[in-house]
Amino acid sequence: MEKQCIKEYMEMYSKIAYGKNLKYATKPEIWGALSTALMSQIVDKWHDTRKAYKAHKAAYYLSAEYLMGRALGNNLINLQAYDEIAELLKELGVNVNEIEEVEEDAALGNGGLGRLAACFMDSSATMHLPVQGYGLRYRNGLFKQYFKDGGQLEEADEWLGYGDPWSIRKDDYTVEVKFQDMTVKAIPYDVPIIGYGGEIINTLRLWQAEPLCEFNFNLFNNQEYDKALEEKNRTEDITRVLYPNDSNDQGKLLRLKQQYFLVSASMQDIVRDFKKHHGNVWGDFAKWHAIQLNDTHPVLAIPELIRILVDEEGEEFDKALDIARTTFAYTNHTILQEALEKWDIRLMEILFPRILQIIKAIDERLQTELGHKGYTMEKMNPCLILKDGKVHMANLAIYVGFALNGVAKLHTEILKETELHHWYTLYPYKFQNKTNGITPRRWLVLANRELAHLITNRLGNESWAMDLTKLKQLTKYIEDEGFLEELMAIKHEKKVQLAHYIEEKEGITIDPDSLFDIQVKRLHEYKRQHLNALYILDLYFRLKENPELDIPKVTFIFGAKAFPGYYRAKSIIRLILAIADLINKDEGVSKKMKVVFVSNYNVSYAQKLVPAADLSKQISTAGKEASGTGNMKLMLNGAPTFGTYDGANVEIVGESGEENNFIFGLRVEDIEKLQNNYNPRAYYEQNPDLKRVLDALVDGTLNDGGTGCFRELYDSLLNGVNWDRADQYYVLADFKAFKEEQEKVFEAYKNKKKWAQMSLMNIANSGVFSSDRTIMQYANEIWGINPVE
Ligand SMILES: *Cc1c(COP(=O)(O)O)cnc(C)c1O
């Protein structure tokens, strides 16, 4: 990177774009000028990468979500120009951190699924794999969260306020997407994905919806201003927000429109490119492309490809279906029934009847095939694509796709044995496992520069960042007191940094010398933040009773957004805030423990929380968390896992050893045995501590702001609400085991050397959780693509 060159560019850009000399530029302006300057530096390599890929089979990753976070710091790391640019900024009189901090997160995703897509982009580029991402350029990403009067409120996420220097609008690649009632333009915005080392630059193509015509001139002339802009607004609604509320029909219609908009634009783009380079030899299509469907959200790509081949290219239906059968693969991310997508046939009929017709034809082929295999209608039923007035998206993906994968070993086993057993008996060869991963560049090199330096220092060079299994070499320091002390000094430094940030952002003072016990992830009942909360309340009561209780000083930190329409998730946030309020205000107890719920948990907050964690809380009901990736980020940064045997926790503990983690609670087999005669009330009646904390929900100890939501939560755990049985997620059944395991944490934390060794064993054994490993497995075992020189 030419430092002088960057500086000159920034000076020029400041004049052109802001009309001022760079020395008068504000921080957001410096961010914009620097980002644009860096873009100018990578354009040639970006072009070269595209060209080099043309001679090879490529994979296309279709995802409705990309939870990218900030771009500047990550791109500087991957360009290996961080220190140089930090110096340049210093010459301009600003600190690189301050400039990084003004950037808004690109939060075009909800949680783990969207973050996985972002990590895969990074790893594909770093591994030189010809992979292109396709997604949507939501004008508003995931809502911003703040707390008021003890509960969560939301506001729009206007992430484009300072402009978008990290994408390039490509008007010449515009396509038209046709719905029954309207035709709209899809404009691509290309985001560069810089591979580590800066040589390879992949592309994430995000589509934005725009009207064919800006406004109706005649209506405007007649002074019907709102009407003149109606078409424009209706079109722009398609990519206005990530996941609009889908609890009513209008919302549902819009969500389905979004999905079709994404896949139609993407498939047209892929077909256009294929024709340009290979003519219309459709039999070769699958030799050049593999298309990965990230969950069911982009599954309409299957009928859309068939539509293009049949209606626009004149292929026969069965030939088109065969092409689809060799092109698409599907990733399943959840076994929660409520998350399996089913769309009303009626909605599809309204929006795109031709697509529905194609889905019907596919369903007929399925029924014929199963009929030949001797299936009765009853036996066929779980596999049907169309039934009960709905389109079952996962069934469409599994029937047509050539591969389907779960995202952790346990998850894939559950799919095979129970949830998708009917499919497994039909097509065992389609089933694969691809345990999730995380990119070590963002989650260690960028987020924990101090630890990265220590590792580079000890291993001799930086190559571990591209081959994370090299971290295993660190085990040789397991008895090296000097190394262990350095490791703990870095952890302490990250805790100090986090404490400063929390002080500034949340106005809460925490002690970096206390144990940081962290649970950060989306808020869901199955993730059981309320189990953690009830434990904390129990600890509070015990400290009130006995102020001399022998525990190390501890800070419990939560971060989580609740879906705005998910009532009980919001109650749980309110509960934790009320407990935090009770404890932090108690002069005696708060000397020993504090509770913080950080607001607006997102990728950039995660980058501060993860390196500062002493303990990683991963306590989902066994069998419910498909994989988790937060658990991997925390392991990589040296936090032992406190968790259930669920998702990738199983593999994490398999790598780093049970003795270096804290495993508790019911396992999948235990829950299977318990489920038909589970009686949560028995636990309540037999365990006085548990009774005490549950009663605190309804006896006035805790203030729910007059909402009645703590009573509802109490009822959901003890009595069942509506049609749901009591305590569906086995909170009460696991309470005692949780408490006993937490005692072990406190005991272990007292021995500083032992704790440092546990931390080291987690770091050293986290190599397999690099998304570089995951993406190479997709490349080799699903897509059949190779790294390109
Ligand atoms: C990694 C990550 C997640 C996923 O966390 P899990 O604990 O695996 O559910 C969600 N949100 C953000 C911001 C993340 O960085």
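How much accessible surface does the protein chain have, and what share of that surface belongs to carbon and sulfur atoms? In this predicted model, the accessible surface of the protein chain comes to about 30400 Å², and 49% of that area belongs to carbon and sulfur atoms. The chain holds 34 helices and 23 strands, and buried residues account for 61% of its 789 residues.

**Overall dimensions and contacts**

- The radius of gyration of the protein chain is 27 Å, which agrees with the value near 28 Å that a compact globule of 789 residues would have.
- When contacts between residues at least 6 apart in sequence are considered, 76% of them join residues that are at least 24 apart.

**The annotated lysine, K633**

- The UniProt record, an unreviewed entry, carries the annotation "modified residue: N6-(pyridoxal phosphate)lysine", and this annotation covers K633.
- K633 lies in helix α26, which is made up of residues 630-636.
- Because its relative accessibility is 7%, K633 counts as buried, the cut-off for that class being under 20%.
- Leaving aside residues up to four places away in sequence, K633 touches R115, I438, W443 and V610.

- Strand β20, residues 593-598, is largely enclosed by the rest of the structure, because six of its six residues are buried.
- In a regular strand the side chains alternate between the two faces of the sheet.
- In β20, M593, V595 and F597 are on one side while K594, V596 and V598 are on the other, and with all of these residues buried, both faces of the strand are covered.
- Strand β19, residues 554-559, pairs with β20 in the parallel sense over six bridges, and within this pairing I557 of the model stands opposite V596 in β20.

**The loop residue Q473**

- Q473 is placed in the loop between α21 (449-459) and α22 (481-506).
- With a relative accessibility of 36%, Q473 counts as partly exposed, since that class lies between the buried limit of 20% and the exposed limit of 50%.
- Although Q473 and L459 are 14 residues apart along the chain, their C-alpha atoms are separated by 7.5 Å.

Note on methods. Residues numbered from 1 in each chain as written. Predicted model: local features only at pLDDT ≥ 70, side-chain atom pairs only at ≥ 80, totals over all residues. Heavy atoms only, no water. UniProt positions renumbered as here; feature names shortened; annotations may be inferred. Helix = DSSP H or I, 4+ residues; strand = E, 2+ residues; numbered from the N terminus. Buried < 20%, exposed > 50% of the residue type's maximum accessible area, 1.4 Å probe, protein only. Contact = heavy atoms within 4.5 Å. Pairing = 2+ DSSP bridges. Rg over C-alpha atoms; globule rule 2.2 N^0.38 Å. Areas by Shrake-Rupley, 256 points an atom, 1.4 Å probe, with all protein chains shown as cover.
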